[in-house]
Amino acid sequence: MPGKAILFDATKCTACRGCQVACKQWNDLKGVETTNRGTYENPANLSVETWMKIRFIEETNNGSVAWLFARQACMHCTDAGCINACPTQALYRHTLGFVAYDKNLCSGCGYCAEFCPYDIPHLDTNQITGFGKMDKCTFCQDRVTNGLDPACVATCPTGALQFGDRGELLMQGWSRARTLQGQGHPDATLYGENQLGGLHVLYILDRGASTYGLPVDPQLPLAQTALRDIMRPVGYGLVGAVTVGLGVNYLVARARMVREKEDR
Amino acid sequence: MTNHWIDIRNADRIMIIGSNAAENHPISFKWVTEAKERGARLISVDPRFTRTSSKADIYAPIRSGTDIAFIGGMIRYVLNDIQTLTPANRAKKYNMTYVAEYTNAALIIDSDFEDTADPSHPGLFIGYTQNTIDAPSTIGSYVKTNWGYSNTTNPQSSAALVDNTWTAWTDLDEKCVLRLLWNHFSRYTLEKVSQITGCPQGTLEDVYSSYAESGAPGKAGTIMYAMGTTQHTHGTQNIRAYAILQLLLGNIGVAGGGINALRGTSNVQGSTDMCLLEHILPGYLSMFKHTDVDLNAYINRAESGKSIVTPAGLTGDRSASWWWYDTTDPYISGADNSNYRKYIVSLLKAWYGNNATTDEAYSYLPKKNGSGPNYTHIGVFEGISAGIVKGLMCWGQNPAVGGPDSEGERNALEKLEWLVVTDLFETETSSFWKRAGANTANIATEVYLLPAACSYEKQGSISNSGRWAQWRYKAVAPINESKPDLAIVDELVLKLKELYEADATAPNREAITRLHWGYRTSGQYEHEADPNVVAKEINGYTWSTGTALTSFGSLKTDGTTCSGNWLYCGMFDSSGNNKAKSRDTVDASLNQIGLYSNWSWCWPLNRRIIYNRASVNFDGVPWDNDHPVISYNTTYGWQGDVPDGGWAPINIADAGSKYLPFIMHREGVAHIWGPGRVEGPLPEVYEPWESPLDVNLITGVGNDTSYKGKPGFNNPCCYVGYLDGDNGKGVHADYPCIGTTYRLTEHWQAGQMTRNHPWLIELQPQPIAELGVELAADRGIQNGDIVRVSTARGSVDCIAVVTPRFRRLTIGEGASQKTIDHVGVPWHWGYIGLSTGISPNGSSGNVLTPHVGDANTTIPEYKTFLCQVQRV
Amino acid sequence: MMDHRDVERFSGSTRSLHWIVMLSALILAVTGMVLYVPQWGFIAQDGYTRVIHRVAAVFFVGVPLIYFITHPLKTLRFVLEAFTWWRDDWKWLKAAPDYYFGGDESKMPPQGHMNSGQKLFWTIALLSSLGFIGTGFIMWFLSEQVTGWGFHWSLFIHDVCLIVGGTMIIVHFYLGVVHPRMTESLRSMITGKASTEYVKGHHGKWYRETSLKPRKMNEVDNT
């Protein structure tokens, strides 16, 4: 899978959340009103005003405790449910591999949000009128296409976030994962190499993906495959067949009626 | 920091204790992470499992305020290891040359010295007198007569230690420092330490054995500490304990080592250098005292105790004693030419220029009266409360949130005649009269709020924890009427001069009218002070020519040079370029150990790692060839960092010129034995002012619940304040939990800047109280509930964050064993701004903290107190 | 032989219902299809078609609902009729192909007010409408409540309904407007009247039943 990628190393993340703020700063997103819900993690969810956040996970094991931090933002899947679902083609694959979108084209239908296995796209849809637009991590398209790292990566103090060629980051990620395996983390892994055709956000994890709240083997919804690969062709076929049938019927019926009239 | 931020990456062991570096110094983890990638092990010692702990290889929970027990146990572990090993193996596992030759471990102490372990005065060193005055004061003090070396000019050393031939403690002289150290710390057994700290013995052993590995020659361990260390009644001794450990492990002066104070704000180092504290002048020169009748008397007093002492029996045969001039020293020549005199005369010249003679200048300046008001933070507020201090200028400070017992300090503010607050935003301090419960009819304070420019709106230098002075430029113009702090001071002083000029009868008028004050230039700085001019004056220059000086060695005693701070002399080059502005990203240091010597400039003399002569052996060869700080070559001399004195290495120098490495000490060796502190030459376990224990488990002294506390149970010299009856003391029966206060990554200090920022409020919207799962279950508290945390001073309402990261600890011995729980309250919140607290008092953690302070510095004991927590 | 008297076939309210529902269905189909056909997607940008879709949906659901409230018995009878199949209906279906390809209508079995073709149309139309409305309601109002698959399959069913219902509309339009023999049905839906000749041919059963008691015929329609 060519193109660029972001590599997140959970073992280096200190959850300072500089990335979360940098994302808002660069993209001019508003602060969200929140309350403390008994955790450091906030806001509770991604939204049109929050495109990335760090999740805080407390894990206890035999009296010892671990505090794990996971980045949550668009994974820029290769088999992207959102691109497949987007009726207006507002969402599209950028030549650098990430999932870009043209907000002008967005109809606010929200199918992208519904078909994302990671629950990433969010909309500010008005419930009654349906007016709204989707927003999500843009991969800092405006930065990366101008030679800059994404804002989150540029801000990260510990090197937990890196940006580069996906192929190189894959090698680097696996090398780090193997090192971690040798340092007492048998489940250490690189997440994202093959999921959904290959993600453009890769995770170095010292524990299983599920501990970090990531689906181990995410799949595009069956309904989406059914829609795209079965229903759409069937629909075209049926409408086509019926139209042709009716056309033939018209010609035949007309011909017979004309003959009838002449006969009469 | 003895070292600097980047140097953390060179460490093999990193112990973060009394600091939550990942949260409060996030950038430091760039280097911690690099060190870990190289294979360094990270140890986090903290009552709370923090974001720092989340990255640690070993996490050791301890009861807040028990650092000395924890580190004392490690000192015992190392000493025991050193003694048990054969001399040959000992020298492989520990740098015994360093210990014996570069520290005072081998020197012999006064034969009448008596330790705290002496049963005749448990918990107290020899020479103690308890204070009986019933006023804000320390609870007692020492006469240190018997704390010094047996031979005060030529201390003898223990040959068996220097030669590394000993096997039993009795092989060493009875009063040899190392043996006294063992005598003192042998009581700190694993069992005892575990009982005091609550840290399981297995964890203690893990930490001790892992960190002790940094003692091998060529290995380095660093200690990163911050306010969790200092903000105790025994904060200074906490640091002493770290220093002793680091010296035993040969970790000072080397790359990847050091004692590294992570300063709380970007420029705390700079403000300390420039005399933020009340007992010093710029460059850590002693403050004038009322007994210093003239300048000579001041210099004599300041230099006393700094006369050169030359240890006997060490390979190095002399000390530089930088502070004091020895007329026989060829390195510094000329009569009456001590460095102290150069520094103070040049400082007075910078202040008064040609407008006064040095003696006149000295006479104008205020002198500190030993029995007069104490101008520490605590003392100032007691002074306000007592009506002695009538006006207050708060410059980027918000004591109504940041001060200890802040309700008491808020009440004190009501007694001021006037208050000036200079800040970016309206603060709790400037609006103390708006707070809930304030009766404005009784408040006559006139309050001025001056809008300040923020760091991006002005140019100037900041000095970071690594002592680097870095110049910053203005990015945008200040908004509206806000001005840089310098411009505000400039206007203020010019106005004062005008007023004093006009009033011939004003007291001590010349102190103001004769000030040398001319910082305005042309163009941009036609109407406000130019920071470049100030920087040059701080650096110093030859008065007649205006030529910048490049080293404090060039300062003169005759008033022909000026320097606002001798430590910063050398920041300018001879062409007048300010090196704080240099930005060279090339690392030209030996083996690229990350000194980046041409990026900004650091004091002293751009020396990036101080005490670096301790990083090499007698031949000038680095202990660690992978990370050489400096290295001596007979052809080229010293290479690498700026060496701590340019003399040849001990083995290469001639007899009589073999300089010992620690040039700031008069003995030339580092202080494992440190008689300079007020409460003893060695750290001892003392309980916090409010302690859950009935007996001090090391000293055996019982808890005296009296207001002042019990010497030997508590620190015998700590400062106990009164704040007009506001500063209550709680007991364990009423307040069974241990409270501690701290900061969060997402907020800044007293919150002026961050609680007005939506992006940051979004991340941490409300004040929290963190507590463990067991305690929450006992109190019926659910995660997210509102809880009330209370102490004898006050109470705050917060959102409960119930978490397994707060662990219940078991402390005490035998039948008196008990479990304790910590409750953590960040102190950022207040009652002004976009995000305010839950209770009307603003829910600042400092409503809870006591108005008591460290014995040496009077820093408040913010980190440990007794509290109760209940569901609201 | 031609009987040129007109028979009242559809009342005013029924015709209004037909046209409003037809118009909203057309709008719904068009604004829905811009989300279905990728090449038309750009038309949906900024969501205006989705608002139109929702307004049309309100008419599509609301008008029949009002009709049902004002004509409950008639509606029920109508629905009942659409779903009730007689032996004649099967015969009709068997004979229909030949007829629709221009064959002789005399071979068609006599039909009621609603002939078998219409019954077929209405069955599908009613079922797909229910599908549209149910899944549309879910996607409009319950997207937060239903889990992922709930929305996915709602969308799927909505699209199935579009294909099936849309096809039926095309056939309906063809037969009603284009087919050379069906000239009367469009007129009857516009004016409400159909020629006796046409009614005899296409709805013979109904004609027989009602012509015996012509007043009843009106009664039926005006209930």
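The model is a predicted one, and the points below are grouped by topic.

**The open sheet of chain B**

- Strands of chain B form an open sheet of 3 strands in the order 11-12-13, and the pairing in this sheet is parallel.
- Strand 11 (391–395) and strand 13 (446–451) of chain B are the edge strands, each with a single partner strand, so one side of each has no neighbour in the sheet.
- From one strand to the next, the twist of this sheet averages 10°.
- The parallel pairing between strand 11 of chain B and strand 12 (residues 418–423) of chain B runs over 5 bridges.

**The largest nonpolar core**

- With 298 residues, this is the largest nonpolar core, and the residues with the most contacts inside it are Ile14(B) and Val177(B).
- Helix 3 (residues 67–84) of chain B supplies the largest share of this core, namely 10 residues.
- When its neighbours within four places in sequence are left aside, Val177(B) is in contact with Asn104(B), Ala105(B), Ala106(B), Leu107(B) and Ile109(B), and also with Ile672(B) and Trp673(B).
- As general background, nonpolar side chains tend to be buried together in soluble globular proteins.

**Where chain A touches chain C**

- This contact draws 38 residues from chain A and 34 residues from chain C.
- On the side of chain A that touches chain C, the elements giving two or more residues are helix 3 (111–115) and helix 7 (222–263) of chain A, and helix 7 of chain A provides the largest share, 20 residues.
- Sorted by class, the side of chain A that touches chain C consists of 22 nonpolar, 13 polar and 3 charged residues.

**Where chain B touches chain A**

- Here 29 residues of chain B are in contact with 28 residues of chain A.
- On the side of chain B that touches chain A, two or more residues come from each of helix 2 (28–38), helix 22 (758–763) and strand 25 (795–802) of chain B, with the largest share, 5 residues, coming from helix 22 of chain B.
- By class, the side of chain B that touches chain A has 16 nonpolar residues, together with 7 polar and 6 charged ones.

Key:
Residues are numbered from 1 along each chain as its sequence is written. Chains are lettered from A and ligands numbered from 1 in the order in which they are written. This is a predicted model: local features need pLDDT of at least 70, side-chain atom pairs count only at pLDDT 80 or more; totals for chains, interfaces and linings use all residues. Two residues are in contact if their C-beta atoms, placed from the backbone, lie within 7 Å. Helices (H or I, at least four residues) and strands (E, at least two) are DSSP runs, numbered from the N terminus. Ala, Val, Leu, Ile, Met, Phe, Trp, Tyr, Cys and Pro count as nonpolar, Asp, Glu, Lys and Arg as charged, and the others, Gly among them, as polar. A nonpolar core is a set of buried Ala, Val, Leu, Ile, Met, Phe, Trp, Tyr and Cys residues joined through C-beta atoms within 7 Å. A residue is buried if 20 or more other C-beta atoms lie within 10 Å of its own, exposed if 12 or fewer, and partly exposed in between; C-beta atoms are placed from the backbone. Two strands pair if DSSP finds at least two bridges between them. Axes are lines fitted to C-alpha atoms, for helices over the stretch in contact, and angles run from 0 to 180 degrees between N-to-C directions.
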